[in-house]
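Here is a friendly walk through a two-chain model, written for someone who likes to know the cut-offs behind each term. Have the coordinates open and follow along.

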Amino acid sequence: MRRALAPFIAAILLLSAGAGPAAADSFVPVNGAGSSWSSNAVDQWRRNVEQYGMRINYASTGSSDGRNQFKAGTVDFAITEIPYGLKDGGVVDTPPSRGFVYMPIVAGGTAFMYNLSVGGKQVTNLRLSGDVVTGIFTGTITSWDDPAIAKDNPGLALPKRKIVPVVRSDGSGSTAQFTTWMAARHGKAWDTYCAAAGRSTPCGVTSSYPTIPGKGFVAQPNSQGVAGYVAQRGNVGTITYVEYSYALKTGYPVAKVLNEAGYYVEPTASNVAVGLLGAEINTDEKSPKYLTQDLSGVYTNGDKRTYPLSSYSYIVVPTSTQNGFTAAKGHTLGAFASYFLCEGQQQAEVLGYSPLPVNLVQAGLDQVGKIPGADDANVDIKKCNNPTFSADGSNTLAKNAPQPSECDKQGNDQCDKPTGGAAPPPGSKGDTTGGGTKTPTGTKTDGGTKGTGGGTTGTGGDPGTGGSTGDGTTQGTDGTTDGGTGTGTGTGTGVAVAGPSTGGGPVVCSDDTGQCTNVVSMPIETEARSSGSISPLAVVAACLLLVALVVIPPLVSRGAQARKVRR
Amino acid sequence: MSATIEAPRTIPPAAPDEPDVPRRLGTRRSASDKAFRAVLLTSGAAVLAIMGFVGAFLLLRAWDALSQAGWSFLTTQAWEPDSGNFGIAAILVGTILIATVAVVVAVPLALGVALYISEYAPTRIKQSLVSIVDLMAAIPSVVFGLWGFFFLQGRITDLARWLSTTFGWFPPFQVPGSDPSDPLATATVYTSSTFIAGLVVAMMIAPVVASIMREVFTQAPVGEREGALALGSTRWGMIRRVVLPYGKGGIIGGTMLGLGRALGETIAVYMIISPVFAIQWHVLANGGSSVSSLIALRYGESTPFGMSALMAAGLALFLMTLVINFAASSVVARSRSGASS
C-alpha cells in the first residue's frame, strides 16, 4: 500500500519543490558501468530518481571495465576513479574517439577494512602507518604481531596470526587509487614487490593488482567481493582496501591511517573533505583531463584531520551523439547528473562517502550542459543543502571537522573507540532495530554483522563479543530487544544496499559530533520501509509458488490419467 | 522354407553376356519428405558450421597472441599479456582440477539420485522428484555462485581442514602454509580453493547428469529386468546385472556432459576462486584458476592484445572440450544404450 502511495508522495514533493529535475518529463533508460568504489552512492541515487521516472542502469563491474565499455560504445556513461590516458603495465589506456568530459560525482576514502580478533574479541581500533600498510600489501609484513604494527598500536597486544591481504582480482579504480598512493609515497617497496610479481618497474599506478603465487594473498573480484570476503566470520586476519562505505555496510572496522601531521584518522566524511583540500584539480577547461585530480597534495596534507587516501570519483559522460547515445538519453543523463551533483550529495556522508565541495559541484553542473540533449542545469545551488556549502564559498564540512583526539596521536596509547562499521550507533537504538529486523530476511553477512552494532550498544565497551560469537539470528534478536527498549524511531531500511548503509549512517555522525543534525531525510525512505515490511510476505509467496510449481504439474497429470482410465 | 529361398531363382536370368548388375532401387520422395530432409540437413549443417565459425573466430582473434607467444603459450605459468609473459599451463590445469573435483562429487551423487528415482522411488512421488531435480538444473549459476561465496565457503573450511590434516599424506590434499597445531592459524588458506569452486560446480552439474542417467535407466528392457528377478536376483542384483550394464552409455554420456559444463562454468568459479597463475596442485588450498573465469575477469579491461591472449585461452578450452566430447561419444557409441544418450 505504501508502495502505491510512493508516486503520490513523489508528485507532491515535486509540486512543492518545483525544482525537481525536469518534472513531468519523459525519460528513457540510460546504461552505465564502472567503479564499484562509488557504486554504493550511485545505486542509492539511481533508486532515488526512480520516483521521477528515470531509469538509470548501472553495473558496478570495476572502473577499468567501465572505461573500456564506454570506449567501445556499449554504455552511455562510465564511472571511474582514474582518467583515461594513464600508463598501466607499460600500456597506455587510450582515450575513446567519441567526445567525453569528466565530472566528479563524490569523494571518499579508500579504507583498510579488516577482520581481526584477539582472544575471541574483535579488534576495532587498529591503527596503521603508511609504511605498515605498504608492508602488508607488498608482503613484507606477514604477521599481526610484527613489531612495526605493535609500534603503531601501543595499546594492543596482537596475536601471532598470519596477515591475509585481500586484493582485487579485476581491474579496479580502488586498486588504482591505492597503488597511486603507494607509488607516490612508498615507491621503493612497491617497485620491489611489483618486480617480484613479474611487472616492469617503476610500477607506478596499476588497475590490476599484481599477486605473487604462494604469498598468501587472496584476490577477489569487485568491492563487494573483497568486502564480503573479509566480512566472513571465519576469515580472521584478513585486511583489504575498499571504500569506507563497504565497511559501514558490512559492519566491520577500518584501520585509522597515519597522516603527515602524525595523527591516525578514519576516513569519515569530514576527514576526507579536509584531506581533499590538498587535492589539485585540473582547472584548464581546454584540457581533455579538465576537472581530474592530482592527489599528491592530499598525501602530504599537513592538517591533522587529513585522511591521506582520500579521492574523488568521476563520471565520464559523452558530449556527442554517437554509439547509440541520443539526445533523449542525454536529457535523462543530464537530469540524473543535476540530481546527484545537487541533492544527491546530502546522502554522501550517510552512505560512507564525502560530499563534493561547492567549486566542484558548480564545475560539474557546467559540464552537464555539454551533454547533448541535456537541459541547462538551472539548479539553484543554494538549495542543494550540501553540507560543504557556505556563504563565503569555503568548505563548511572541512572547516567544522572535529580535531582528532590526543589518543589518535602517533606514540600515544590509542583510543578505544571502534571504527567504521563496528562503531556503535550513537544513542538511536532505532537503528539497531533496523539492523536486527533485517537479519531474518537473510541478506548474507549484512544482517548479522549489522547486529554487531546492536551488541556493542548492549554490552558497552566490549565491541568484540557480538561479532565474534553470535550468528545472524542471535544478532537479530539482540537488535530487536534493543529496539524495544529504545526510542526506536526506526530508520529501518529494506532496500538491499541502502539498508545497511543507512543503518550505519549515524556511525559517521558519532565521530563528527555536531554533524549529526546533517543526517538528511531521504525521499526514498517510505519506499524502503515499505519494501521491508513486504519482504516476508514476498518470501512466503515465492516459497508457495515454488512448491506449487513442483507439486501441481504431477498432481494434475495424475488426475488426468485417472480420469482417462476411468473413461 | 526352401520354396521361399528358391523363389528369386524363378526370375528369368539375364542375358549371359551381360554382367550382373543389381537392380537400381529408387524412391520417389514426396514434396513434404524433401522439405523435411532439407530442414534437417540445414540444421545439422548449421550446427557444424557454427562450431566451425566459433573455432575459426577464436583462432583468428587469438592469432596475434599465439604468434607472439609460440609454444611457450602452453608452458608458461603467468598471465601478464601486456608484458608478453603469458601462458595457459596454470589455468588449463586449474580448469581440469576444478572440473575433476566437480565430477568426482557430482557423479556418485547423480548416480544415486537417478537410481533412486528410476528404481526405488514409489510411483506416487516419482514425478515430483523428477520435477525437483529438473528445477535444480534451472537455478542460474550466479545464484549458485552467491550461495557458494556467502554461505558455503565459511562453513566448508572445517571440512577442508579435516581433509587436509587427515589425508595430508596425499599430495593434492596438502595445504601449504597451514599448521593444524596452531590455534591462531588463519582459515583463509582453505577458502577460495579449487575444492570449494569444484563443489559449487558439482551442485550445478549434478541435476543435469542425474536426469540423463535416469532417462537411460528407465529404458532398461523390462524383459531383462523380469528375467533377472525371475531367476531370483534381488532388486540390487537386478540393478547391477541389468540396469547398470545397460545404462553404461548413459552414465558415461551424462558424466561427459557434466564434465563439459564443469569445464566451461564461469560465473560461480569467478566469484569464488582467488586467481593465481601458477599450477596449484593443492586442491584444498587457497587459489586456483580456470580459463572461463579468467576470461570473465579480464575481458572487460583488456587491451586488444590482452583480448587476443584471452581468445587464445578460449581456443585452448574449446579444443580441449571438443577432444573430451569426441572421446566420450566414441565410448558411448559402443554401448548398448548408446543410441539413446
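## A disulfide to start with

Let us begin at a sulfur pair: a disulfide joins A:C407 to A:C415, with an S to S distance of 1.8 Å. The term disulfide stands for a pair of cysteine sulfur atoms within 2.5 Å. The torsion about the S-S bond of A:C407 and A:C415 is about 95°, so this disulfide is right-handed. A:C407 is partly exposed, with a relative accessible area of 24%, while A:C415 is buried at 11%. Here buried means under 20% relative accessible area, exposed means over 50%, and partly exposed lies in between (1.4 Å probe, protein chains only).

A word on the ground rules: this is a predicted model, in which local features need pLDDT of at least 70 and side-chain atom pairs count only at pLDDT 80 or more, while totals for chains, interfaces and linings use all residues. Residues are numbered from 1 along each chain as its sequence is written, chains are lettered from A and ligands numbered from 1 in the order in which they are written, and side-chain values use heavy atoms, with hydrogens and water left out.

## The other disulfides

A:C342 and A:C384 form another disulfide, with 1.9 Å between their sulfur atoms. A:C342 lies in the loop between helix 12 (327-341) and helix 13 (348-351) of chain A, and A:C384 in the loop between helix 14 (358-368) and helix 15 (396-399) of chain A, so the pair ties together parts that are 42 residues apart in sequence. Helices (H or I, at least four residues) and strands (E, at least two) are DSSP runs, numbered from the N terminus. The torsion about the S-S bond of A:C342 and A:C384 is about -110°, so that disulfide is left-handed. Both A:C342 and A:C384 are buried. As for another cysteine, A:C543 is partly exposed, with a relative accessible area of 43%.

## An enclosed strand

Why is strand 10 (residues 164-168) of chain A largely enclosed by the rest of the structure? Five of its five residues are buried, so the strand is largely enclosed. Both faces are covered: A:V164, A:V166 and A:R168 are buried on one side, and A:P165 and A:V167 are buried on the other.

Strand 10 of chain A runs parallel to strand 12 (residues 238-243) of chain A, and three bridges join them. In that pairing, A:V166 has A:T240 of strand 12 as its bridge partner. Strand 10 of chain A is also joined by three bridges to strand 11 (residues 218-220) of chain A, again running parallel; here A:V167 has A:A219 as its bridge partner. Two strands count as paired if DSSP finds at least two bridges between them.

## A three-stranded open sheet

Chain A also holds an open sheet of three strands in the order 9-13-14, with mixed pairing. Strand 9 (127-128) and strand 14 (264-265) of chain A stand at the edges, each with a single partner strand, so one side of each is left without a neighbour in the sheet. Strand 13 (residues 256-258) of chain A pairs with strand 14 of chain A in the antiparallel sense over two bridges. Within strand 14 of chain A, A:Y264 is the bridge partner of A:L258.

## Where the chains meet

The contact (heavy atoms within 4.5 Å) takes 35 residues from chain A and 35 residues from chain B. Chain A and chain B bury about 2,900 Å² between them, 55% of it on carbon and sulfur atoms. Buried area is the accessible area (1.4 Å probe) that two parts lose on being put together, summed over both.

Which residue forms a salt bridge with B:E80? The partner is A:R199, with the closest N and O atoms 2.9 Å apart. Across the interface of chain A and chain B the rule finds one salt bridge, defined as a side-chain nitrogen of Lys or Arg within 4 Å of a carboxyl oxygen of Asp or Glu.

## Annotated spans

In an unreviewed entry, UniProt places "domain: PBP" at residues 30-342 of chain A. That span is 32% helix and 23% strand, and its end C-alpha atoms lie 19 Å apart. UniProt positions are given in the numbering used here, feature names are shortened, and annotations may be inferred rather than shown by experiment.

The UniProt annotation "transmembrane region" (unreviewed entry) covers residues 537-557 of chain A, a span that is 100% helix and 0% strand with end C-alpha atoms 30 Å apart. For chain B, UniProt lists "domain: ABC transmembrane type-1" (unreviewed entry) at residues 92-328. Over residues 92-328 of chain B the chain is 73% helix and 0% strand, and the end C-alpha atoms are 20 Å apart.
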